[in-house]
Amino acid sequence: MVTPGHPGATRLGRADRAAVSLLAALLPAGFRDRQRDEWTGDLLALPLPDRRRYLVGAARTLPSLRRAAHRRAALDVIALPTGVLDTVARVLLAGLLWSMLSFYFFVPLRYYAFDIPGRLARGDSAMVVDPKDLWPLSDGIGPFFPLWFVLHLTAWGVVLGGAFLTVTVALPGLIATAISRRRHAAGLGVAALLTIAFAIVSTTIPLLTGAQDGGFSAAFLGLAAVTLAGLRTSLPRRTRILLAVAGLSTLVLPIWFGTSAGGSMLFWWYD
């Protein structure tokens, strides 16, 4: 292969140079110079009698070269820079970690810590086991009430899934990531677009199929988090571990929500 300006390129005959220029002109601009240099280098390495045959072969391969060049250009357009993917991973980490901690704290932890199944089995008053009447919302937390209220709503987002989960994951994730000036602005834009797309899809599918969410929205986001944790080696080790933990914490939800114990817990929370 001959690089641009290589002195050997001047040793080609006029007809060979014209043929190479014509073939290269039929290729996309971003692919043209490199292929011209490759053809020129190959011709210089060949004896004169073989050069015509080589040019004929190059002309025959021109359609496949054009297709390959267009495929490469399309991949270059849709490929996301490393910084963008890292930022998307950080947004998912912040939002998913916040959401899952809220859910596990407010729903299963309180459900089992206060022996709600036992109380219901004994026939205790519904007001005693109402989620709103249990600690910490019932203990006069004063100035911390806004924080507990947000956590409570976030837990609802995980349980309901779909667009509700999208909001509870995306908002804290985008806010927490945007606070740092080091984050890639394009990554935040991509994360916002993915949020909108996921909200639309996760809302449309249940409407069309009549199926309940059942924790599948959270599991989908969790699977994306685990995948990014495994692939984004450019992220710090601690970030990847937390991302994987946040993702794994969601994968059990579709199974758990489908059991009788999980269904009873959700019924208590809905009620």
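The structure is a predicted model, and the values below are computed from it. The largest pocket has a volume of about 430 Å³, and its lining includes no charged residues.

**The largest pocket**

- The lining of the largest pocket is made up of 17 residues, and those that lie nearest the centre of the pocket are Val88, Leu92, Leu194, Leu221 and Ala224.
- Two or more lining residues come from each of the elements α5 (82-113), α8 (162-179), α9 (185-209) and α10 (216-231).
- By residue class, the lining of the largest pocket divides into 14 nonpolar and three polar residues, with no charged ones.

**The nonpolar surface patch**

- On the surface, Trp98, Phe144, Leu147 and Val150 form a nonpolar patch, and together these residues have about 360 Å² of accessible area.
- Leu147, one of the patch residues, is placed in helix α7, which spans residues 145-160.
- Leu147 counts as partly exposed because its relative accessibility is 40%, a value that falls between the limits of 20% for buried and 50% for exposed.

- Leu266 belongs to helix α13, which covers residues 260-270.
- Leu266 has a relative accessibility of 10% and therefore counts as buried, since buried means under 20%.
- Although Leu266 and Val159 are 107 residues apart along the chain, their C-alpha atoms are separated by 7.8 Å.

Conventions. Residues are numbered from 1 along each chain as its sequence is written. This is a predicted model: local features need pLDDT of at least 70, side-chain atom pairs count only at pLDDT 80 or more; totals for chains, interfaces and linings use all residues. Side-chain values use heavy atoms; hydrogens and water are left out. Patches are made of residues with over 30% relative accessible area and no salt bridge: like charges are joined within 9 Å, nonpolar side chains (Val, Leu, Ile, Met, Phe, Trp, Tyr) within 5 Å. Accessible areas come from the Shrake-Rupley method with a 1.4 Å probe; for residues, only the protein chains shown count as cover. A salt bridge is a side-chain nitrogen of Lys or Arg within 4 Å of a carboxyl oxygen of Asp or Glu. Helices (H or I, at least four residues) and strands (E, at least two) are DSSP runs, numbered from the N terminus. Buried means under 20% relative accessible area, exposed over 50%, partly exposed in between (1.4 Å probe, protein chains only). On a 1 Å grid over the protein atoms alone, a cavity is a set of points where a 1.4 Å probe fits but cannot get out, and a pocket is an open set with protein on both sides within 12 Å along at least five of seven lines; lining residues have an atom within 4 Å of a point. Grid points are joined across faces, edges and corners, and a volume is the space filled by probe spheres set on the points. Ala, Val, Leu, Ile, Met, Phe, Trp, Tyr, Cys and Pro count as nonpolar, Asp, Glu, Lys and Arg as charged, and the others, Gly among them, as polar.
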